[in-house]
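Here is a short report for a reader new to this structure. Look at the chain first, then read on.

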Amino acid sequence: MKKSKMSIASRFAALLLVIIALNGYAYYLILQNIYLQELKAQAQTVVGNVEAFGTWVAQGGRVWVKGKSSDSFLSQESFAQLNDSQEQVHFFSKNPALAQREFSEVVAKSTSPAKFRMTSQNVMNPVNAPDAFEITALSKVGFFSGGEYADFVGGDYRYAKAVYHKESCIACHGDASKAPADVINRYGSQHGFGFKTGDLAGIISVTIPARKLYESIWSFVGIKEIVLILTSMVLALWFVRSELIAPIKRLTQAAHDISTGKDMPIDTEGMDVNTKNELHQLTLAISRMKNSTNLAIKKMREAKTAAVDILAKAKVAVAKARDDSQDK
Ligand code: HEC
């Protein structure tokens with residue numbers, strides 16, 4: 001296999017970019033989860049408020065509102081004034097769901113980004129008829145945990161929380177023939193009836209405009225965050241450079257010196273024999289190797305000198321022997 005010619009530093013920098021990209025994506029997913037939980041928490045807060053408001057209205061059964069006229073009420077009472085004036089005083093009663101609808105209409109016109117409404121698969125007031133998301137939600141809240149259902153629809157986060165019928169609700173939403181006359185008078189006897197205690201009454205449906213995270217990424221990532229990311233990159237690169245690459249370069253030079261027989265000292269100052277630093281271990285090992293090589297070379301040289309010596313002596317001896325034999 002062909003080995004890459006790139007330096008460790010460049011390959012590490014490339015790896016670092018991949019790591020940062022993967023981490024960035026992971027952070028993005030985490031951010032998205034947090035954002036989703038945050039949207040859900042907002043929606044749950046809205047539902048909580050709507051339910052609390054309904055409970056407040058329900059404390060007196062209904063709330064009574066004084067006014068000249070109204071087109072949104074359950075029943076009406078008119079009284080003569082005590083101060084002999086001819087004008088009558090009118091009171092209009094509002095049950096919880098009706099008051100909640102009026103509340104939702106006021107909120108819809110307000111600056112609050114979160115809007116809500118109450119709807120049902122069987123609405124008493126046609127104004128409360130469910131839209132496409134709410135029809136899906138009504139069919140799904142029953143099966144989903146906690147009676148909740150949420151989805152993104154056209155840039156909005158939409159959340160639905162199931163509302164169940166209690167004993168007290170059945171007076172108006174049960175058998176139409178037993179429903180209060182004012183309910184029948186104003187809403188007829190066709191729709192919004194036939195429920196039993198424990199039935200799914202409907203949903204509180206919340207709509208919150210959702211931001212696309214990748215479009216608003218610069219509102220999360222500022223100068224501080226970028227500086228932190230760059231600093232961590234620089235730290236990692238600095239570590240690789242000073243702790244790995246620089247020592248490896250020094251060792252390469254030392255090995256090269258040894259191979260060419262140059263006797264340059266290897267710097268092992270401050271390195272402990274029992275060090276856990278792998279490059280210090282390698283440096284010490286190479287230093288030992290160099291010492292033994294030097295020793296071997298020295299011995300070889302001595303042996304060579306000795307051999308040359310012996311050879312010379314032998315030559316002299318041979319020559320002498322030859323002379324001697326010629327003399328005879
Ligand atoms: C006093 C009679 C009465 C009682 C009691 C009552 N409701 Fe209603 N409910 C109504 C009326 C009237 C409406 C229509 C309000 C409107 O005009 O928006 C309605 C509407 C609703 C709606 C909105 C969808 C639709 O049908 O228009 C839901 C959901 C609902 N009621 C649930 C409940 C639950 C749950 C309870 C018990 C906690 C309850 N209601 C008790 C009279 C009643």
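## An exposed glycine

G154 sits in the loop that joins β5 (148-153) to β6 (156-164). Helices (H or I, at least four residues) and strands (E, at least two) are DSSP runs, numbered from the N terminus. G154 is exposed, at a relative accessible area of 82%. Exposed means over 50%, buried under 20%, and partly exposed in between (1.4 Å probe, protein chains only).

## Basis of the model

This is a predicted model: local features need pLDDT of at least 70, side-chain atom pairs count only at pLDDT 80 or more, and totals for chains, interfaces and linings use all residues. Residues are numbered from 1 along each chain as its sequence is written, and side-chain values use heavy atoms, with hydrogens and water left out.

## A buried aspartate

D182 belongs to helix α5 (residues 181-187). D182 is buried, with a relative accessible area of 19%. Beyond its neighbours within four places in sequence, D182 contacts R62, L74 and S75. Contact means heavy atoms within 4.5 Å.

## Two packed helices

Helix α1 (residues 8-59) packs against helix α2 (residues 96-109) at about 135°, and their axes are 9 Å apart. Axes are lines fitted to C-alpha atoms, for helices over the stretch in contact, and angles run from 0 to 180 degrees between N-to-C directions.

From α1, V50, E51, F53, G54, V57 and A58 meet P96, A99, Q100 and F103 of α2. The residues of this contact comprise seven nonpolar, two polar and one charged. Ala, Val, Leu, Ile, Met, Phe, Trp, Tyr, Cys and Pro count as nonpolar, Asp, Glu, Lys and Arg as charged, and the others, Gly among them, as polar.
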